[in-house]
Amino acid sequence: ENRLLVETEISAPLDTNIFDALNQIAAEIVSQMKKYTSTEFAIRPKNSEQLLISDVSAKDKRDTSALGAAALAGNRDVVKLLIQAGAAYQSDLMDAITFGDERAAVSILEFAPDVDFRIAGGKTPLIQAAFKGRSSAVKALLVRKAKLDLRDMYGFTAQLYAAQEGHAEILRLLIAAGASINVRT
């Protein structure tokens, strides 16, 4: 049979309808992921309640992950599936913000479980988006209730970077959302 899972591989008995639904979902995830990367993916059972996708965050020869490619293509459904499957979204999100692909950034932000994570230097996605002048990403982060007054390792907040870089529209957005106007380094 051309199933991704075999009923004998699952330790607990499953209703046939549930088993078929799991296989359909797994097949769709693998099919969509193969569209965006040359990496081979496989579905395997972890236990009776959870499926794992191996190498869900793997990158191809161009250093592109399935998540990054799906976000670039604007495929929200695949972005959602990959993040739910455990794809490491942080580097793809920060790359999209840094290199100016706001559509990809907004797509990832919609489904990211944590929008206040930090990268080296203590920057959060909001700080990076304010620094780079990415208004669509800032708006998406504000919708997701990103913390406004977090500081990086230099003591800078998103609003300080926006002011320093001359991004007046972003500074107005941050202040309107409740960011402090009295912060200092």
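Biologist: How many of the eight residues of helix α6 (residues 125-132) are buried?

Modeller: This is a predicted model, in which local features need pLDDT of at least 70 and side-chain atom pairs count only at pLDDT 80 or more, while totals for chains, interfaces and linings use all residues. Residues are numbered from 1 along each chain as its sequence is written, and side-chain values use heavy atoms, with hydrogens and water left out. Helices are DSSP runs of H or I with at least four residues, strands are runs of E with at least two, and both are numbered from the N terminus; buried means under 20% relative accessible area, exposed over 50% and partly exposed in between, with a 1.4 Å probe and protein chains only. Helix α6 is mostly covered, and the number of its residues that are buried is six.

Biologist: Which helices are included in what covers the buried residues of α6?

Modeller: The buried residues of α6 are P125, L126, I127, Q128, A129 and A130. Their cover, judged by contact (heavy atoms within 4.5 Å), includes α4 (90-98), α7 (135-143), α8 (158-164) and α9 (168-176).

Biologist: How is α7 oriented to α9, roughly parallel or roughly antiparallel?

Modeller: Axes are lines fitted to C-alpha atoms, for helices over the stretch in contact, and angles run from 0 to 180 degrees between N-to-C directions. Angles under 35 degrees count as roughly parallel, over 145 as roughly antiparallel, 65 to 115 as roughly perpendicular and the rest as oblique. The axes of α7 and α9 come within 10 Å and cross at roughly 5°, which means that the two helices are roughly parallel.

Biologist: Which residues of α9 meet α7?

Modeller: From α7, the residues taking part are S135, V138, K139 and L142. Their partners in α9 are E169, I170, L173 and L174.

Biologist: Is S107 buried or exposed?

Modeller: S107 belongs to helix α5, and, leaving aside its neighbours within four places in sequence, S107 is in contact with A71, R76 and V79. Because its relative accessible area is 6%, S107 is buried.

Biologist: How far from a polar atom of the R103 side chain does the backbone oxygen of L72 lie?

Modeller: R103 is in helix α5 (residues 102-111) and touches L72, A73 and G74, not counting residues up to four places away in sequence. Between the backbone oxygen of L72 and a polar atom of the R103 side chain, the distance is 2.6 Å.

Biologist: What percentage of the residues of the chain count as buried?

Modeller: The chain has nine helices and two strands. Of its 185 residues, the share that count as buried is 44%.

Note on methods:
A polar contact is a pair of N or O atoms within 3.5 Å; within protein, one must be able to donate a hydrogen and the other to accept it, and residues adjacent in sequence count only if both atoms are side-chain atoms.
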